[in-house]
Amino acid sequence: MTESFHRSGEYENPYEGQQQAPVNPEWPPPPAYAPAHAPHSKKRGRGPFALIAAVAIVAAAIGGGTAYGIQELTGNDTVASSSTSTTVVPSSQKGTVAGVAKAVSPSIVEISADSNAGSSTGSGVIITSGGEIVTNNHVVAGASQIKATTSDGKSYTAKVVGTDSKKDLALIKLENASGLKAATLGDSAGLQVGDQVVAIGSPEGLSGTVTSGIISALDRDVTVPTEEGQDQGQQQWGQGQGQGGDQWPFEFGGRQFNGDTGSDTTTYKALQTDASLNPGNSGGALIDMNGNIIGINSAMYSPTSQASSSSDAGSVGLGFAIPINTVKADLAKLRAGSTD
């Protein structure tokens, strides 16, 4: 942090040693001695509170890097600023996969969706204590019944609040839910290739599965079917067999994976990760090492063909997630009941 004050908050008088004329000659001259309370007033400015306040002002102007300085001065484990999100992992486990898993797992749910095509398993991220959950549109599209199970085994019925097929996002709401642990939504703008990440979801119905890896690439153009084409893809890939939505068709680098995306498609910028994603991880969390959600897992490449069985599916370290800043920008629209 750039230094912006003198030693120990020492006040420097710019007029010291200069003769100053009264502003109004009719005013009486100043007393020849300082009032008795003046030294106390001056000392008050040197206290730690004033120093922290000064740092806070600078931090607000500069951003996340300086905010860490406030943490050091106050001894507070939790820091929030205009450019970084809350650190939710305890200091003793900061930077560890175990710490991230322990802190964030209670905010991840398993989603079961029933439709005319069958049933599927996906994942979701709790964003409010009252049960708002972000997931992928393709996890819940066309569902006649949705259930969500929290990490402690409690099951809830859920309703779709809003969907955005162009971004493959959906917002659902648990019924009669309260006191849930909401995840902290981070900032995906500052991510770099090589940053460590953790993925949590329910691959093949194995709820609370934790994997780890790195950010492999940024701003990958991923093309997916919109709702009409998506239903075809879900049936094509045996959603009724419980595979979930991760194998639904998508296009990347001019090639199609997991089947035909069809003609009705949309393209979004995605984070690429080598953290293991398998069928059922769709809608789950991609998390930084501070425990902040930085992406919603949305697609994976699996070396299967239409003739292959689901047992041949598996992660090859080529997964994609929707950046959390895209999610945050879409939340108001989803909460308003969008059905795009």
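In β3, V134 is the bridge partner of V125. The model is a predicted one, in which local features require a pLDDT of at least 70 and side-chain atom pairs count only at pLDDT 80 or more, whereas totals for chains, interfaces and linings use all residues. Residues are numbered from 1 along each chain as its sequence is written, and side-chain values use heavy atoms, with hydrogens and water left out. Helices (H or I, at least four residues) and strands (E, at least two) are DSSP runs, numbered from the N terminus; two strands pair if DSSP finds at least two bridges between them.

The protein chain comprises seven helices and 14 strands. Of its 340 residues, 43% count as buried, where buried denotes under 20% relative accessible area, exposed over 50%, and partly exposed the range in between (1.4 Å probe, protein chains only). Among contacts (heavy atoms within 4.5 Å) in the protein chain between residues at least 6 apart in sequence, 67% join residues at least 24 apart.

The pLDDT, the predictor's confidence in each residue on a scale from 0 to 100, averages 75 over the protein chain, and 60% of the residues score at least 70. Over residues 1–11 the pLDDT is below 50, and this stretch has seven contacts in the model beyond near neighbours in sequence. A further stretch, residues 305–311, stays under 50 in pLDDT and has six contacts beyond four places in sequence. Where pLDDT is low, the predicted coordinates should not be read in detail.

A closed barrel of six strands is formed in the order β1-β2-β3-β6-β5-β4, with antiparallel pairing. From one strand to the next, the twist averages 40 degrees; axes are lines fitted to C-alpha atoms, for helices over the stretch in contact, and angles run from 0 to 180 degrees between N-to-C directions. Strand β2 (residues 118–126) is joined to β3 by two bridges, and the two strands run antiparallel. Together β2 and β3 form a hairpin with five residues between them, and in the turn G131 has a positive phi of about 105 degrees. On to β6, strand β3 is joined by four bridges, again in an antiparallel arrangement, with E132 opposite K173 in β6.

In a regular strand the side chains alternate between the two faces of the sheet. Both faces of β3 are covered: E132 and V134 are buried on one side, and I133 and T135 are buried on the other.

Helix α7 (residues 324–335) lies across β3 (132–135), β5 and β6 (169–174), and runs at about 60 degrees to β6. The helix has 12 residues and reaches 16 Å from its first C-alpha to its last, close to the 16 Å expected at 1.5 Å a residue, the expected span being 1.5 Å times one less than the number of residues. Within α7, residues I324, V327, D330, L331 and L334 are buried. These residues lie on the same side of α7 because they cover an arc of only 145 degrees around the axis, the arc being that of the directions from the helix axis to the C-beta atoms. The cover over the buried residues of α7 includes β3, β5, β6, β13 (293–300) and β14 (319–323).

The face of α7 turned away from its buried side carries the exposed residues A329 and A332. A332 counts as exposed because its relative accessibility is 57%. Between A332 and G162, the C-alpha to C-alpha distance is 9.7 Å, although 170 residues separate them in sequence. Just after α7, G337 adopts a positive phi of about 90 degrees.

Most residues other than glycine have a negative phi, and most peptide bonds are trans. N176 is located in the loop between β6 and β7 (196–201) and is exposed, with a relative accessible area of 80%.
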